[in-house]
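Subject: Structure handover

Hello,

Here is the structure we spoke about.

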Amino acid sequence: MSSNPRSVGIVGLGSWLPDNKISNYDLMKLVDTSDEWILSRTGISERRKASEQEAASDLGLMAARRALAAANVRPEEIDLIIVATITPDMFFPATACLIQKNLGAINAAAFDLSAACSGFIYALSVGSQFIANGHYDTVLVVAAEVMTKIINWEDRNSCILFGDGAGAAVLQPVAKDSGFLSFELGADGTGAEYLQIPAGGSRKPASLETVLNKEHFLKMNGNEVFKFAVKKMGDISVKALEKAGLTEEDLDYLVPHQANTRIIDAARKRLGLAEDKVYINLDKYGNMSSASIPIALSEAVAKGYIQKGNIILLVAFGAGLTWGSAVIKWAI
Ligand code: UT7
């Protein structure tokens with residue numbers, strides 16, 4: 001291990017989305033809602049839905065293969081796999097172990113990380129430390145969610161928001177002073193009740209009663225999460241820039257968590273960014289929790305909106321409550 005931290009960055013990205021689309025009009029057949037309400041309150045038009053057979057590891061595997069191909073890295077070269085998810089295939093083993101097996105990443109350690117919608121940024125932060133300190137050379141970060149399987153399709157407050165997808169990033173050492181410049185992570189467990197799945201864990205194990213009460217589905221206080229998100233997204237964006245020794249003026253591009261266009265717009269305005277400097281795809285995919293940012297980042301890079309040397313900011317908030325932001329000097 002070296003005593004000088006190495007610069008670490010993303011050297012390959014991949015994403016994967018199920019084909020099946022669910023429009024706002026499809027949801028009008030399930031709950032009392034309208035295309036107009038969903039679009040005006042959230043910005044979402046449609047979202048993707050995995051098949052009955054597909055689980056988080058299947059979506060994550062496909063995204064991971066694409067990221068490895070983009071980075072020109074073989075599965076045996078991966079030292080560590082971190083999977084950010086709140087919809088794991090099962091409680092244990094970790095979804096990361098299932099992806100490790102299916103990739104043939106025989107030399108990789110593997111674990112899951114639970115930070116809800118902030119999970120991808122948390123995982124980037126954790127994974128990059130192993131490379132910065134010389135412990136590992138190649139880390140694969142995957143964010144995979146099958147939100148449609150934890151949604152109560154009778155709850156119009158939440159079922160309209162979420163969709164399925166996966167994104168992945170390969171991390172390696174990059175040229176000095178590029179890659180990750182700063183991270184700002186945080187949590188406030190006093191807000192845990194605002195967004196949770198109440199039953200199925202050790203607090204309230206599965207029983208006939210919990211199933212009948214639909215306590216295995218996501219429960220959300222949308223208003224509280226909204227207020228928290230609007231404030232936090234702006235605050236931690238500015239903090240991460242400060243930590244990197246930069247200001248809003250240095251920022252080239254923003255890739256925010258895709259939960260609600262009104263929340264994203266508040267963050268964009270706080271940073272004084274033009275509309276074309278922010279990537280938005282939630283109209284097509286809804287909120288895919290931890291997978292939203294890597295999918296958005298992957299698309300923004302593929303479209304050429306992010307170029308080598310650009311300063312970009314990732315920012316997310318989610319259940320926990322958790323939050324995270326990252327400033328990156330794009331290295332490839
Ligand atoms: O990654 C983190 C995940 N969670 C979030 O990001 C959630 C953040 N919160 C939000 O995005 C917003 O709070 C929502 C989009 C969930 C809700 O928007 P809102 O502007 O906060 O609406 P509201 O909850 O204050 O509800 C306004 C009205 C209510 O009716 P009344 O009580 O005023 O008569 C709701 O019952 O809209 C009603 N409503 C709906 N109407 C039609 C709630 N859901 C729907 C719906 N269709 N789907």
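This is a predicted model: local features need pLDDT of at least 70, side-chain atom pairs count only at pLDDT 80 or more; totals for chains, interfaces and linings use all residues.

The ligand sits in the second largest pocket. The elements that contribute two or more residues to the shell around it are helix H2 (35-42) and helix H7 (222-243). Of these, H7 provides the largest share of the shell, 4 residues. Both domains take part: domain 1 (8-176) and domain 2 (180-329) each supply at least three residues of the shell.

The ligand has 22 residues around it, and those that come nearest are Thr-33, Arg-41, Cys-117, Asn-260 and Asn-287. Sorted by class, the shell is made up of 10 nonpolar, 8 polar and 4 charged residues.

The side chain of Arg-41, one of the nearest residues, has an N or O atom 2.8 Å from an oxygen atom of the ligand. For His-257, a polar side-chain atom is 3.0 Å from a ligand oxygen atom. At Gly-222 the backbone is involved instead of a side chain: a polar backbone atom there lies 3.0 Å from a nitrogen atom of the ligand. As for burial, the ligand taken alone exposes 950 Å², and the protein buries 75% of that.

The backbone

Which peptide bonds are cis? One joins Phe-92 and Pro-93, with omega at about 5°. Pro-93 belongs to the loop that runs between strand E4 (80-84) and helix H4 (95-103). Another cis bond leads from Gly-320 to Leu-321, and its omega is near -10°. Leu-321 is in the loop between strand E12 (311-318) and strand E13 (322-329).

Lys-214 is located in the loop between helix H6 (208-212) and strand E10 (219-220).

Regards

Definitions and conventions
Residues are numbered from 1 along each chain as its sequence is written. Side-chain values use heavy atoms; hydrogens and water are left out. A residue is near a molecule or strand if one of its heavy atoms lies within 4 Å of it. A polar contact is a pair of N or O atoms within 3.5 Å; within protein, one must be able to donate a hydrogen and the other to accept it, and residues adjacent in sequence count only if both atoms are side-chain atoms. Accessible areas come from the Shrake-Rupley method with a 1.4 Å probe; for residues, only the protein chains shown count as cover. On a 1 Å grid over the protein atoms alone, a cavity is a set of points where a 1.4 Å probe fits but cannot get out, and a pocket is an open set with protein on both sides within 12 Å along at least five of seven lines; lining residues have an atom within 4 Å of a point. A molecule sits in a cavity or pocket if more than half of its atoms lie within 2 Å of its grid points. Ala, Val, Leu, Ile, Met, Phe, Trp, Tyr, Cys and Pro count as nonpolar, Asp, Glu, Lys and Arg as charged, and the others, Gly among them, as polar. Domain bounds come from an automatic or database domain assignment.
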